[in-house]
Amino acid sequence: MAQQNVHYFPGHMSKALDQMERYIKSIDLVVEVVDGRAPKSSQNPLLKNLIGAKPHLILLSKEDFSDPKITADWLTHFTDNGIPAIAGNLKKDRFVTILSKAAEPILKKKREKETRYGMKPQSIRVMIIGIPNVGKSTLINNIGGRKIAKVGNKAGVTRAEQWIRLNDDFVVLDTPGILPMNYPDGAQAIRLALIGSMKEEVLPTHELAVALLGYFKEEYPDALKTRFGMEDIRGKDSDEILKSIAEKRGLLDGARPSEEKAAYLLIKEFKDGILGRFSLEIPHA
């Protein structure tokens, strides 16, 4: 697939970035949520500059969708580079406990200062940041134990920042997902489109499916075995694979198998974790 430069930066993202810069001084902890299937690609350099020296924690979301061995490698990678990192399933794991435990050593200086001044422990003011559709709002609902923030498996659900008191321990600033202004590395844009962090219409569906199949051929040749009965797809033509998927699922364009419909189905089942647990990048790659 051609590695094209992709530009995608809606107006609400620029406004949100300005707002976040104003709020950052009052924040105790920044939780950066990344997609566990593509932790590097789903980080945003604009947000890294915003964080500066603030206490910072990385959360690899959608752990149940990613390759468990590679996820473990990413946690080691971030920690070795001085950034505490955790991973989990935002829909099942109890993150109020996980986050409290992870934040304790990071906020040691804040607690020591409160003790020094005879203060009771204050609520932790957390800014949750990340690109679209990595699970920021799902995390907030998880910590709060109820539906507080609007969620959706697509980019652009949260459109404006909002302060939310979750409990006695956490006051959270939810922020819209913010993507870099452009992607000189077209492969990164492809990965983000595959995990649902960019609007689907930004990149052609067929080309995205071909790129995904190319990655499967190299790293997970049996990725389609369970869902589509295809063993070891190495050496097989991607269009023929899509045609076979269309035939197996009855995806037709008139009387002919629809490769376009098969491409859409393949991407959706990958994005939703239905295909299995796969990661699109590894540390140091």
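## A walk through the salt bridges

The protein has eleven helices and ten strands; both are DSSP runs numbered from the N terminus, with helices (H or I) needing at least four residues and strands (E) at least two. Keep in mind that this is a predicted model, so local features need pLDDT of at least 70 and side-chain atom pairs count only at pLDDT 80 or more, while totals for chains, interfaces and linings use all residues. Residues are numbered from 1 along each chain as its sequence is written, and side-chain values use heavy atoms, with hydrogens and water left out.

How far can you trust it? pLDDT is the predictor's confidence in each residue, from 0 to 100, and its mean for the protein is 87, with 88% of residues at 70 or more. Over residues 154–159, though, pLDDT stays under 50, and there the model has 20 contacts beyond four places in sequence (a contact means heavy atoms within 4.5 Å). Where pLDDT is low, the predicted coordinates should not be read in detail.

As for the overall picture, 51% of the 285 residues are buried, that is, under 20% relative accessible area, with exposed meaning over 50% and partly exposed in between (1.4 Å probe, protein chains only). Of the contacts with a separation of 6 or more, 69% are between residues 24 or more positions apart.

Now for the charged pairs. A search of the whole structure turns up twelve salt bridges, each being a side-chain nitrogen of Lys or Arg within 4 Å of a carboxyl oxygen of Asp or Glu. One of them pairs Lys62 with Asp35, with 3.8 Å between the closest N and O atoms. Lys62 sits in the loop between strand E3 (56–61) and helix H3 (68–80), and Asp35 in strand E2 (residues 29–35), so this bridge links distant parts of the chain, 27 residues apart. Lys62 is buried at 14% relative accessible area, and Asp35 is buried too, at 0%.

Arg191 and Glu281 also meet in a salt bridge, at 3.2 Å from N to O. Because Arg191 lies in helix H7 (residues 186–194) and Glu281 in the segment after helix H11 (259–271), the pair ties together parts 90 residues apart in sequence. Glu281 counts as buried, at 8% relative accessibility.

Helix H11 has a bridge of its own: Glu269 there is linked to Arg249 in helix H10 (residues 238–249), 20 residues apart, and their closest N and O atoms are 3.2 Å apart. Glu269 is buried at 5%, whereas Arg249 is partly exposed at 31%. Finally, salt bridges that share partners join Asp28, Lys110, Arg111, Glu114 and Arg125 into one network.
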